[in-house]
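Please consult the sequence and the structure while reading.

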Amino acid sequence: MTVTAAQGFTAAGIAAGIKENGNPDLALVVNNGPRLAAAGVFTSNRVKAAPVRWSEQVLRGGTVSAVVLNSGGANACTGPRGFQDTHATAEKVAEALGGEHNAGEVAVASTGLIGVLLPMDRLLPGVDTAVAALSTDGGEAAAIAIKTTDTVHKTAAVTRGGWTVGGMAKGAGMLAPGLATMLVVLTTDADLDSATLDRALRSATRTTFDRVDSDGCMSTNDTVLLLASGASGQVPAYEDFAEAVRTVCDDLARQLIGDAEGASKDIRIEVVGAASEADAVEVGRSIARNNLLKCAIHGEDPNWGRVLSAIGTTGAAFDPDRLNVAINGVWVCKNGSVGEDRDLVSMKDREVRITADLSHGEESAVIWANDLTAEYVHENSAYSS
């Protein structure tokens, strides 16, 4: 159920000493081929971490033989030294793997505190340890090693007709587009080129990771990579492959929301009746980021007025007197005014479903969010210590 579910991949997760608490903090995923195709999408934040800038360059070539990931330090806002450290990490991986590997085919990803240089005297020897630990069942250890504030590691896989798509993810805060703070590595043993991977990955992330909006904060390090080994020898139809990639991405995205920092509720926001998909997404994001509503959801209060207030801040096409809102299936607002009795709404379960009907078209979108809790505030006030 992880990155080594697909044939042709080995992985490892070890403790290199990057984290002071001694927990696992260095992961390595290696594509053993025969194909080394890859695609990637990255944060749209204009402040990009050094490993993001490095990996963007690597992915332009469409070939990735290995991915090295560390937790315990984001290597973001670290200047030229940070980029040099990223380059040195890729060089070390290529050297340790030997053979035909080269640094220009090694993607690098980091997660943790911004503005702190990585302890390279620990990280680089850790690469040797990780290489020695590589195995075909090392995917779970790799998933554990990339956790930061995550309480659980996150993995998923699907198999279709002799080929597989597997993946791992980390993320529990700064979950907002682009791409939800998250690192994701997806693998497949389907025999596909980088252009096909890129098309499928962008299609999948657009409606999964890009629609997770836990706290409205965008990371400097978001990275999603898809690697193909071709080891199954199978060449699936594009539609079948794209569906499998989206299924794995959706599974991982839901796991991110379910593990969001301090959250007690997962909020599914579906916007229907929109004039365009863009309008539906904009409205969904506005609802997801309304802190007053998030507090109300935490208090199990079906305060639909805060939903309307959020809709009203957008540029979407709608008539205020035709807006409808349902919370857990009860239409508490009809035609911009009082609807069914709020007392009919039960909010005891973890998942809360909000439906916002703009009554202005046929398009729709779903955004996932969380409530706002005292635990979230506490965790993020204490994080740097």
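Strand β2 (residues 26-31) pairs with strand β4 (residues 66-71) in the antiparallel sense, over five bridges. Two strands count as paired if DSSP finds at least two bridges between them; strands (E, at least two residues) and helices (H or I, at least four) are DSSP runs numbered from the N terminus. The bridge partner of Val30 in β4 is Ala66.

The model is predicted: local features need pLDDT of at least 70, side-chain atom pairs count only at pLDDT 80 or more, and totals for chains, interfaces and linings use all residues. Residues are numbered from 1 along each chain as its sequence is written, and side-chain values use heavy atoms, with hydrogens and water left out.

Four strands form an open sheet of mixed pairing, in the order β1-β2-β4-β5.

| Edge strand | Residues | Partner strands |
|---|---|---|
| β1 | 9-14 | a single one |
| β5 | 106-111 | a single one |

Each edge strand has a single partner, so one of its sides is left without a neighbour in the sheet.

Helix α2 (residues 79-97) packs on the sheet and touches β2, β4 and β5; contact means heavy atoms within 4.5 Å. The axes of α2 and helix α3 (residues 120-133) come within 9 Å and cross at roughly 25°. Axes are lines fitted to C-alpha atoms, for helices over the stretch in contact, and angles run from 0 to 180 degrees between N-to-C directions. The two helices α2 and α3 are therefore roughly parallel to each other, a term for angles under 35 degrees.

Methods. Parallel < 35°, antiparallel > 145°, perpendicular 65-115°, else oblique.
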